[in-house]
Amino acid sequence: MATVSIPACTTAVLLDIEGTTTPITFVKDVLFPYIKEHLEDHLSTHWEEDECKQDVHLLKKQIEEDLKQNRACPVHTVDQTVHTDEEKAIREVMENVLWQMAADRKSTALKQLQGHMWRSAYASGRIKGEIYPDVVPSIKTWREYGLKVYIYSSGSVEAQKLLFGYSVEGDLLDLFDGHFDTTIGAKVDAKSYERIAERTGCQPEEITFLTDVTREAKAAEDAGMNVLLVVRPGNMELTDEERAHYNLITSFSHLQLTGHT
């Protein structure tokens with residue numbers, strides 16, 4: 001695939017994670033199964049701790065919000081063998097978390113709980129963040145040219161920092177100038193990208209956004225950002241129209257810096 005130039009006016013690069021810096025399979029085959037496997041144990045062990053209480057509180061608020069919008073988790077009859085209120089409450093939280101994950105929800109409540117669970121898995125070495133081999137050398141080059149580099153992912157900022165802090169290539173957090181998650185807004189909403197531009201002190205046209213998701217690309221484009229679509233193995237197939245509309249890269253190494261000194 002031919003090289004693509006980053007516009008000369010670019011001062012910052014904004015990166016998606018899943019399917020862009022990191023294989024989608026890492027999230028699907030490593031991170032999510034870890035949550036499903038350890039959820040009950042995590043809740044039972046930490047139920048009385050403040051952090052877990054906050055996570056559960058956020059999830060309950062999300063359930064109320066979903067009920068208001070008629071978008072609720074199907075209520076199952078709780079297993080009659082459950083004896084205590086705590087066990088019943090844990091079961092209900094588990095059902096909601098698993099339902100949200102099955103529906104691929106991006107709620108902040110879900111992402112926060114997941115982030116806290118992954119933290120112990122990364123810290124103990126059970127999980128290491130996967131990064132495509134072209135990512136680190138490219139980011140280092142961009143930084144040498146004076147570009148700032150930010151992350152915007154639906155995973156919580158904490159989960160992002162864990163992935164890059166405990167990566168297969170070591171601690172990479174120094175490569176990034178900041179992290180954004182859905183607390184700034186949905187990734188398919190142009191306003192989110194306007195807010196990111198504001199927070200970074202850049203004009204939208206000075207930011208180049210790399211993602212594998214066309215709905216995100218469109219939202220960033222609507223906000224005035226320059227957009228590149230990343231085509232990686234396992235990413236969603238693009239239509240002919242999308243291929244014609246967007247600049248595509250299969251590796252960060254295909255990006256050329258023109259007019260940057």
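**Close-up views of a parallel sheet and its cysteines**

**View 1. Strand 6 and its partner strand 7.** Strand 6 and strand 7 (residues 247–249) are paired in the parallel sense over three bridges, where two strands count as paired if DSSP finds at least two bridges between them, and where helices (H or I, at least four residues) and strands (E, at least two) are DSSP runs numbered from the N terminus. Within this pair, Val230 stands opposite Ile249 of strand 7. The model is a predicted one, in which local features need pLDDT of at least 70 and side-chain atom pairs count only at pLDDT 80 or more, while totals for chains, interfaces and linings use all residues. Residues are numbered from 1 along each chain as its sequence is written, and side-chain values use heavy atoms, with hydrogens and water left out.

**View 2. Strand 6 and its partner strand 5.** Strand 5 (residues 207–211) runs parallel to strand 6 and is joined to it by four bridges, with Val227 in strand 6 as the bridge partner of Phe209. Strand 6 (residues 226–230) is mostly covered, since four of its five residues are buried, that is, under 20% relative accessible area, whereas exposed means over 50% and partly exposed in between (1.4 Å probe, protein chains only).

View 3. Six strands, in the order 4-3-2-5-6-7, form an open sheet with parallel pairing. Its edge strands are strand 4 (178–180) and strand 7, each of which pairs on one side only.

**View 4. The strand 3 and strand 4 end.** Strand 3 (residues 148–152) runs parallel to strand 4 and is joined to it by three bridges, and Tyr152 stands opposite Phe180 in strand 4.

**View 5. Cysteines without a disulfide.** A search of the whole structure finds zero disulfides, a disulfide being a pair of cysteine sulfur atoms within 2.5 Å. The sulfur of Cys9 is too far for a bond because the closest cysteine sulfur, in Cys202, is 11 Å away. Cys9 is partly exposed, with a relative accessible area of 42%, whereas Cys52 is buried, with a relative accessible area of 2%.
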